Structures are given as C-alpha cells and as structure tokens.
Amino acid sequence: MASGIDTSRSGGIGYQPALDGVRALAVSAVLLFHGGVSGFSGGYLGVSVFFTLSGYLITSLLVTEHDTVGRVDLGAFYGRRLKRLLPASVACLLAVSVFAAVTDVFDGVADLRREVIGCVLQVANWVALAGEGSYQDLLAQVGGTASPLEHFWSLAIEEQFYWVWPPAMAWLCRRSSGTDRIRAVGVITAIALIAAPVIAQTWGSDAAYWATPARIGEILVGAFLALLLHGKVVPSRWAVAAPSALVLLAAAVVLFPSSSGPAYEGALPLVALCSGLLLVGLQADSAMRHALSWRPLVWLGKVSYGVYLFHWPIYVLLDEARTSLDGVALLGVRLAVTMIVASASYYALELPVRHADRLRPNQTFLGAIAATALVAVVALVVVPSALGDYYVADAADAEAAAIAPLDGTLAPLNPAASNVDPPVPTVSPNPGPGVTAAAAPATTIPTTPASSAPTTANSAVTTTPTTTPPPTLPPTPTPSRPVRILVIGDSTAKAFGAGVVVWAAEHPELAQAEIFPAPGCGFVMDGARDIDGNPEVPVGCINWVEEKVYPLIDTVQPDVVAVMVTSWDVIDQQWDGSEYLTPLDAPYAERIERDYAALVDGLVAHGAGSVALLRQPLPDVYWIEDDVRPDGDPVLREVIFDTYDRIADARAHVEVIALDEYFTHAGLDADKTARPDGVHVSPEIGTSIAAQFLGDQLLRVALGLPVA
C-alpha cells in the first residue's frame, strides 16, 4: 500500500521494523480475502489498517521535520512520495493497458479506459462511485469481467490525503504549539469519524466504502496518534494494547461479512481505533513487537505496496478457467506469481528510483507529469473500448420511448375500434452487424450459426437459422392507446429491455417502455449467495422490490411489467447461516415459489395491469466451459420455469413468455455475436428480438391475448 514509507532515509522518525510486520499482516489479509479463503470474509479490513498506519507515519514525519529544522519542505516531501509511489503504479497501469490491447482478457470490463485514466489521476474511488457497480461486485461478476484495477480506489484515497494533509500540517505547525495541534487534529478526526456513519446512512453502502470523506477518518486516527505520541515515551504497561488490538482485528477479519454489515454501515472508524491501539502498543518494547519484527514479515511489509498493487490484476488474469485450477492450488499459483512480480518491481524499479539522489526536485516533478501523461495517452490510444454495459439503451431512444406521466385516469386498454392490424415489426433501419433489416414475420431473425461464431462482437456474418420456428398467432390488434411497458430485473433484463425500448421508440403508437434494472439482484430475497465459498449478501438488493419497484409501479401504472432474472435466483444460497441449498432442495424451491408469487401479487396490487414472466435463455458466461456454474444448469432453471407456470395458471393477469425457446429457434444459443459475453444480448440482437417477437408478446399480455 501507499503507506510504505522509508523512514530510515527520510530524516525523521526512527525505523520500526514491527510496523513493516503490521503491513505484512494487513496485506496478507487482503490477499486471502481476494483469494476467497474461508475465514477471511473481512480481509478487506487490511486496507483500513493501512490507512491508519499511513496517517501515523506521514504525520510523524511532518511534525518531526518541522520541530527539527523549523519548517516542512513540501517540495522534498512530494518528491519522495512521487519517487516512492509512481514508478510501480505506472508500470502496473501500462502493463494492464498493453495486455488489454493485445488480448481479450479484459474485454468485459465496463470501462477500462476510463478506469486507467482515473487511476493515474488518483481519483479511482470517485470513478468507481460514478459507475453502476459496487465493491461487492468484485466477488459476484456474472455478466462481466472483474476489473484488474478495482483495488486502486484505496490508493487514490491515500494519495488524495497526501495532497491535502502536508500543507495543512505545515500551516498548523507554524501557527500553533504542540497542545493546540493535538486539539485541532483531534477535533478534525472526531468530525471525520462521525461523518462515516452519517455518509453511510445518507448516501448508501458504496459511498460508505469508497468515498474519501467516509474513509478519511481512518487515516486521521493515525495522524492524531502521531501528534499525541510525538516526543513522548510510551510506558511499558501499554505493551498489552498490541496483542489485544491484534486479537480484535483478527476477530473482525473473521466475523465481518464481505459485502454487508458494519463495514458498509459506517463502522470502519471502530476498526481504525483498533489499528490505532495496535500502533500505540507497538511503541513499547514487548514480545509482540519482537514477533512482528520477524525478518520474513518485515520483508513482506517492505514489498507490500507492490504486492497490493500487482496482486489483483494477477488474480483476475489467473482465474479458474485459464489455469484449470481451484482451491489451494489456484491460490498458491496466484500468490507465487504475485510475489515474483512484486519482488521484481521492488528491486529492479522501485528501489533504484527511490534512491536516485541525483534526480533534482524539478526533474522528479517533470518526470511524474510525463509518466502521468504517458499512461493517459496509452489508455486513450491502445486500451480498447471494452464490452462492459454494451447493451444499454441509447439515451435518445430511452427519452423517446419513456412512459408518459399520468394525467388523471388512464383510458381503458382495448383494441382500437377500427381493429387495424399494427404495422409489421421490423428491425432498426441500421440494425448493425449480425442482423438483416427487413420486414419479416416472427422467428425469422437472421443470425450467425454457432459453427461460424466470430471472434469479436463486430463480425458481420449473417445467415438464416434452419430450426423449426414456434407456432404463429393471429395478428395482434392495434391497442387503443400506447401500451405502458416496464421491464424489471437484473442486467439481462436491462439488455433485453433495451431492445424493447428501441422498438417502442420506433413504434410510439404501439408502446411506451422503460427499464428499471437492478444488476446483480434477484427476486428470491434474504439469502446469502455462495460466491467463491463465501456467503455474500448483496447490500443493494436487500428489499429492492419493496423499496424501489413498488413505489415506481405506484407512479408509472404500467399496463404490463416484464420480469426477468438470469442467474441470481438459481445459484446456491443459504439462509440464517444454514448450509447452502440449491433450487433442487425443497426449502429453496419453496422460497422461489413464495417470493415470485409475492412479487407478481405485489406488482398488481400497486397498479400493474398484468405481469409477464420471461423465461431466460441459458447463459454461457464468456463462453467458458465450466460444469460447476449453477446459473448455467438447465435442470435448476426448470425449477424456476415450473414455478412460473404454476403462478401463471393460478392468476389471470400473469403470462409466461418463452423467450428461451424463441432464442433457441432463432439459432442464438451459441452465437457469440448475439451475446458477446455469453449472457447479455447485443443492442442489435435485442432490438431485433423485440421487433420480431418480444414487443408483440408484451402487447398481447397487456391486451389479455394468448402468447406464443
């Protein structure tokens, strides 16, 4: 982490090897957490320990320098920081950029180009907050690839602290005495600690984890302790604080959930207080201080910045599919490669640059500017436009298709008096690769056969499938007013819904359509998913239907709500800490039935005219052969589909749309152009499906007519 300060060369505080031992433990917790090791669900708390240690060391250096020479040389400080942090960071970003340019490994990252630029500009945490994902998504990637740069958010927070805190401390040291400094920083620290839970409650769990104001208190705890302990000898009786704090931190690492709980509710300041207690205890001579000064731990602490920096891209690259390994073997390979790369970076790059005393400050700053510009240019020139959310509806189409605000009571939805057949649906005039623009009856969607699947999403091979189409139905009459369609569900609902939106924009006399997606969320509530052996409760999905969907239904009053979730309601889950269950287990199947029945009843109760349950096509995530993926098991999906049928049979206002069967008849199941990531349809295919099948089926559900 960025707190790797070489105190032996900075002319300030004396070197404390035990603090390198603390770094080693902290980075180890992160490595094991990201490796999915059981018992380390809270291993991400190692980052909090780094924050507090960083604040302690930085502030100790600044106040010691001021009290020794009468001033803080900010130019020298920033020169040391740049030489310490930038070389390895630039090397990592350039390596990821070049790797993304010459391979397709990172093609599924939402916006790698933007992330690289955000990382080099030291605002990665704000870039993450501006996106649609969350920190929890790191361990729950189904429709996309985990970004190799997700972990830069913590480095960004520390670097933002570095830009603000040294000038503030230099000013404070000039204007106040030691006691006044302590009081001032104590007040600032207290405010920051209180702000963390306030931010969590006001702006949510992602802000609680990523936002600088929510995390700065953890760094300031270390800064406050540095001022409090400056020039003092810690009594030996305080030595007991170190093992006590370490036990508390270890318990938190074991007990904190990885994607919910205290860390996402503003409780991280409590972790910082434990870290601070550890630092205080290590100032007194003790067996614990000697244990943490063990040479292997000290070495790992010295290279911890590079270990943290390089480990996550390596973990993303060396996954189960590419290595054919899992469990301990996979973790061992990842750790070995991480240590090799981090050691090479430390000895061949970081140390030579850090110890290049002939580099004058102006040369260091010019070099830093040049390196930053180089990374930004490389990102813009060579990093491809990744797949990411390639299936999002165009903003102009979304505006054109938007459901009109209610103005009084909706007119009854009936076939128009003239009963004129609607225009034959067609694909977009410029449908793009893989789709032929032509008026066509349902189920004649042109596509690429599996045998000639292209290697990129831009291939333009089109053929007509030879499979038998599903039965046709009488033409759908024109509705008396545009049908109000709302699509809800996960990211696959978002992808298919984008096609419905485009279709509605092209046929405003037939429909108005909007999407309310909750990527990563399902409709089976309250379970903890099995993600790499860890029970993950997606924070953003808790009660999302009751809190977000039902109020929207009250406002929009749609004629039909299309419901679709691909993976989240079939993966293994546990409830109340029990063993993991699959949909083949009776308690899980009963929850599916209960929650989906409650969903459709709730939608209708809040004003939806009808509900369409969409049978989802079978996913093949990034076309990886993996027999253990539950979301790709057709047997488990039949549990969901059987539930759909029972719910629809018992309710006049619910219909099941066999989207999966249409998908198969259209020859799209193994078409890599149609689903570049194996899960989400491309905009062209989604639009064509809506124009030739799904849009018409949703009209029929709204009008109370039979569906295919």
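**Notes on a predicted model**

1. Leu380 sits in helix H17, residues 361–382. Helices here are DSSP runs of H or I with at least four residues, strands are E runs of at least two, and both are numbered from the N terminus. Leu380 counts as exposed because its relative accessibility is 53%; the cut-offs are under 20% relative accessible area for buried, over 50% for exposed, and partly exposed in between, with a 1.4 Å probe and protein chains only. Together with Val377, Val381 and Val382, Leu380 makes a nonpolar surface patch of about 360 Å². Patch members have over 30% relative accessible area and no salt bridge, and nonpolar side chains (Val, Leu, Ile, Met, Phe, Trp, Tyr) are joined within 5 Å. A salt bridge means a Lys or Arg side-chain nitrogen within 4 Å of an Asp or Glu carboxyl oxygen. Areas come from the Shrake-Rupley method with a 1.4 Å probe.

2. A word on the basis: this is a predicted model, where local features need pLDDT of at least 70 and side-chain atom pairs count only at pLDDT 80 or more, while totals for chains, interfaces and linings use all residues. Residues are numbered from 1 along each chain as its sequence is written, and side-chain values use heavy atoms, with hydrogens and water left out.

3. Now helix H11, residues 268–281: its 14 residues reach 20 Å from first C-alpha to last, close to the 20 Å expected at 1.5 Å a residue (1.5 Å times one less than the number of residues). H11 is mostly covered, with 11 of its 14 residues buried. Among them are Leu268, Val271, Cys274, Leu278 and Gly281. The cover includes helices H1, H2, H7, H8, H9 and H10, where contact means heavy atoms within 4.5 Å.

4. Pro262 counts as partly exposed, at 28% relative accessibility. Leaving aside residues up to four places away in sequence, Pro262 touches Phe256, Pro257, Ala267 and Leu268. Its C-alpha is separated by 9.9 Å from that of Ala252, 10 residues apart along the chain.

5. Two backbone spots deserve a look. Gln122 has phi near 65 degrees, a positive value in a residue other than glycine. Gln122 lies in the loop between helix H4 (112–120) and helix H5 (124–130), and counts as buried because its relative accessibility is 16%. Asp526 also has positive phi, near 75 degrees, and lies in the loop between strand E2 (511–517) and strand E3 (528–531). Asp526 is exposed, with a relative accessible area of 57%.

Methods: Patches are made of residues with over 30% relative accessible area and no salt bridge: like charges are joined within 9 Å, nonpolar side chains (Val, Leu, Ile, Met, Phe, Trp, Tyr) within 5 Å.
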